[in-house]
Amino acid sequence: MPTRWRWAWCWGGAAGNIVDRIRLGYVVDWADFHIGAWQPFLVFNVADAAITIGVVILLARALLVRDKPTGDSGKNSGAEHGPTENIHA
C-alpha cells in the first residue's frame, strides 16, 4: 500500500472529527461496546477507526519493513572483488 494511502486514513479521520466538531460542537460517537454493566472506553466513530487503521499500518510498516537502499552507496566498494583486483582498469 503506498504511503499516501496510509496517511490518507489518518488525515481523513482527523478531518471527519474536525468537521463534526465545527458543525455540531462535538464529535458524534456511534459505536458503544459494553458487556453487561462493564463498559470499557470503547466508544468510537468511523473517523476514529480510520485514524487507528492508518496509525497501525504506519507503525507496522515502520517496524517490520525495511526499504532497499537507493543510490550507489556501497555499490562496487571492492569488497566483492577482493583486495587486489582493480575493477576500474
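Trainee: Why is N17 called buried in this model?

Mentor: The model is a predicted one, and in it N17 has a relative accessibility of 15%; since buried means under 20% relative accessible area, N17 counts as buried.

Trainee: Where does N17 sit, and which residues does N17 touch, not counting residues up to four places away in sequence?

Mentor: N17 belongs to helix 1, which covers residues 3-24, and, with residues up to four places away in sequence left aside, N17 touches V27, N45, A47, D48 and I51.

Trainee: What makes the link between the side chains of N17 and D48 a polar contact?

Mentor: The side chains of N17 and D48 are joined at 2.9 Å, and because a polar contact requires a pair of N or O atoms within 3.5 Å, the value of 2.9 Å meets that distance limit.

Trainee: How do you know whether L64 is buried or exposed?

Mentor: L64, which lies in helix 2 (residues 46-64), has a relative accessibility of 69%, and because exposed means over 50%, L64 counts as exposed.

Trainee: Which residues make the nonpolar surface patch of about 500 Å²?

Mentor: That patch is made by V55, L59, L63, L64 and V65, so L64, at 69% relative accessibility, also passes the requirement of over 30% relative accessible area for patch residues.

Trainee: What is the pattern of the protein chain, and how much of the chain is buried?

Mentor: Along the sequence the protein chain follows α-β-β-α, with 2 helices and 2 strands, and buried residues make up 13% of its 89 residues.

Definitions and conventions
Residues are numbered from 1 along each chain as its sequence is written. This is a predicted model: local features need pLDDT of at least 70, side-chain atom pairs count only at pLDDT 80 or more; totals for chains, interfaces and linings use all residues. Side-chain values use heavy atoms; hydrogens and water are left out. Buried means under 20% relative accessible area, exposed over 50%, partly exposed in between (1.4 Å probe, protein chains only). A polar contact is a pair of N or O atoms within 3.5 Å; within protein, one must be able to donate a hydrogen and the other to accept it, and residues adjacent in sequence count only if both atoms are side-chain atoms. Contact means heavy atoms within 4.5 Å. Patches are made of residues with over 30% relative accessible area and no salt bridge: like charges are joined within 9 Å, nonpolar side chains (Val, Leu, Ile, Met, Phe, Trp, Tyr) within 5 Å. Accessible areas come from the Shrake-Rupley method with a 1.4 Å probe; for residues, only the protein chains shown count as cover. A salt bridge is a side-chain nitrogen of Lys or Arg within 4 Å of a carboxyl oxygen of Asp or Glu.
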